Amino acid sequence: MLGEGILKGLAETAKNFAGSFVSAERMTTVQYPEERIAPVEAARVFPFLVYDGADWEAGMRCVACQICEKECPPKCIYIEKSKDKKPDALGKPQFYPAKFDIDVSVCMSCQICVEVCPFEAIKMDNEFELATDDRFGGLLQDRKQLAKSNEYYHTIHPTEAAEVDARLAAEKTKAAADAAAKAARPPAQAATPAPAQKPAGGGE
Amino acid sequence: MFETADQIFVLLKHWLVGLLPMALQPVAGVVVSVAAIVCFFPALFALTTVFERKGLGRIQNRIGPNRTGPFGILQPVADGIKSLTKEDIVPLSADGAVHFLAPLVLVVTVFMGFAVLPMGRNMVLADMDAGLLFYFAIGASTELSVFMAGWSSRNKYSLMGAMRAVAQMISYEVALLLSSVAVVMISGSLSLTKIVEAQNHYSYGLPHWYIFTPWGLAGFVMYAIATTAETNRSPFDLPEGESELVAGYHTEYSGFKFALFFLGEYLAMFSISGLGTTLFLGGWSAPFSFLTWVPSWFWFFSKLMMSIFVFIWLRGTLPRLRQDQLMNFAWKFVLPMCLLNLLVAGLWRFMGDGWLRWVICSAILVAAYVGLGWEEMRRMHIGARSYRYAE
Amino acid sequence: MSFAFYLIAALTVAGGLAAVLLKNTVHCALALTVAFAGLAFLFLQLDAQFAGFAQILVYIGAVAILVVFAILLTRGSETPKDGGIFSRTWLAGLAVAAAVFAMLGWAVLQSAPGLPGATPEPTVTVGDIGVALMGRYVLPLEIVALLLTAALIGAVIVAMHEKEGGK
């Protein structure tokens, strides 16, 4: 009959209306600044730069290869390569970013910079309260603001960080073994396995 | 004691006016009454906006605004300050004068409607002989302001919203008038105070409200449908459907002019609910004879707020109609039912007392409702919605 | 002839003049509405409540809206860029207007002496009008109703025909 559906709908909304006063589990609202839900582990908002050790400048994993800058779809990353080189975690001399800025207002949280980084240097943070009252300077985060320790990475994404650490450790032992092998073997024989090593290293 | 409580606003007015010299008293009386209406209903509007938002929230299992003041009750103050301090933007190509006048015409005409509503015993600003006619004459003028707003903005969404609004308001105006005419036929008067008095009787402790008769119930349902469409409330909010037309005819209004449109819409809702209360729900008369000691204005405003609640409830429940559904519903269902209701009201009037007229009148109306509804649902597919994408 | 009368009369005349003289057609329609409202106020000032409210309801609520709709649907709202607002046949228009004015003036002048000087104002309530319409004038009322129904059916048939042709 005409109007039947309307009455059914009205009954449904009336149930919701009355129910919201008596049962607390109906209400899904979280009173945000006072109450917070713990973020899920896979949450990602904005990138940060990982460093090892205590000194952020020395331990920075980033080698300023600028792949992320090129891959970034909205072009929100600005990198300036350093003129000199500095030893990295493996002790190899590498370039480092003299300037590394990410614009919060442009970033779209796509995580492509993380996907393309060969050095596990840039990761996604779950910090989402990035609003400031400074429209220009405040929204442009420089490398000091972006640098966060590996321990911090472990606290926000434990599973992922453990995998990354295992990978880096494997790489390190491999590099050490290679170096040891290189040192032990005569230089003439070392020329043959070296090309085989290269694709494996490039694939990382 | 009860008498004083009932007439407290009237006495207050007389006391206030009595303070002035004799020559000024007639003018002062009018000014005081008008000032009371102009102050009270916008205050009610402010409260209603909070209650609407909270009520809609509850319907959707949310809390609604709760930050400004205790329980969010100061939200309208914040909204008011915001709209007052916002920049008043008039589009460059807009028709300045008409653009400026449109919200004024709306608010002024809507306010005039309150003049004839009896809000309590002896509480009516202008007890006109043709009060109902006055109300509808004033109500018809609001369409013009909607058109003015839509046309002067020089915006396609505004213009489309205005066209929809005017088409909708004209269509449902007919139903609104015809459903009210049944009341006039029975009570034999166009004066709203007389209509209320005709309903202010009790038998077995129950009131003689017109809604408790077959024709009255049918008329009330038709009236409620027509008022929802007249005030552009959901599910008939096509003129300002935000998913289609940005905001309809007030797209190009900002700041306080927009607030005036908002105010005008809510005031129209109050006044039309007040009229419905007066026509069908016995106006200020008490629902049971043993409750007649409660002040009459209390009953009027309780009934008014109940109607507002139903408006909010409907808004929280029903999805928006399509334009063709809206028009078909108005002309093929509501209008025939209203015409039939006139016939039934005539029958009721001339069949005299007794149970026979109850049976016959109810049977006619129910049969027509079921038959028309069935026919409409079969032919116009009102029942199940069919979606056609771009053809 | 009170102050209110002159105010309302000025408003009505201004509205009428604006309706004729303005360039934008929608402005003309809105000005015409002002003139309608002025007329309604004149009726109300003469204590003719029914006529006054009916004037507002019918003319402002329906006729003005209809005019506006017609203007919008026929692209008449575009303001002519060049040329005056007067048509070339303004002389004929003037003649017709003068004739209508003369007739109305003649009617007013003829009826004025017939009225007794100082009779009390007749108090005609809406109820009296209803009784008169349903009693003494029921035949004219029914004839008018029939005419309007015929016009309505005609309009519906015209609209239906067009729709069928279009399909």
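Author: By class, 12 nonpolar, 8 polar and 3 charged residues line the largest cavity. Ala, Val, Leu, Ile, Met, Phe, Trp, Tyr, Cys and Pro count as nonpolar, Asp, Glu, Lys and Arg as charged, and the others, Gly among them, as polar. This is a predicted model: local features need pLDDT of at least 70, side-chain atom pairs count only at pLDDT 80 or more, and totals for chains, interfaces and linings use all residues. Residues are numbered from 1 along each chain as its sequence is written, and chains are lettered from A in the order in which they are written.

Reader: What counts as a cavity?

Author: On a 1 Å grid over the protein atoms alone, it is a set of points where a 1.4 Å probe fits but cannot get out; lining residues have an atom within 4 Å of a point.

Reader: Which residues lie nearest the centre of the largest cavity?

Author: V110(B), G139(B), T142(B), E230(B) and A268(B), out of 23 lining residues.

Reader: New topic. How many salt bridges cross the interface of chain A and chain B?

Author: The rule finds 1. A salt bridge is a side-chain nitrogen of Lys or Arg within 4 Å of a carboxyl oxygen of Asp or Glu.

Reader: Which residue does E34(A) pair with?

Author: R67(B), in a salt bridge whose closest N and O atoms are 3.2 Å apart.

Methods. Heavy atoms only, no water. 1 Å grid on protein atoms, 1.4 Å probe; cavity = no way out; pocket = protein on both sides within 12 Å on 5 of 7 lines; lining within 4 Å.
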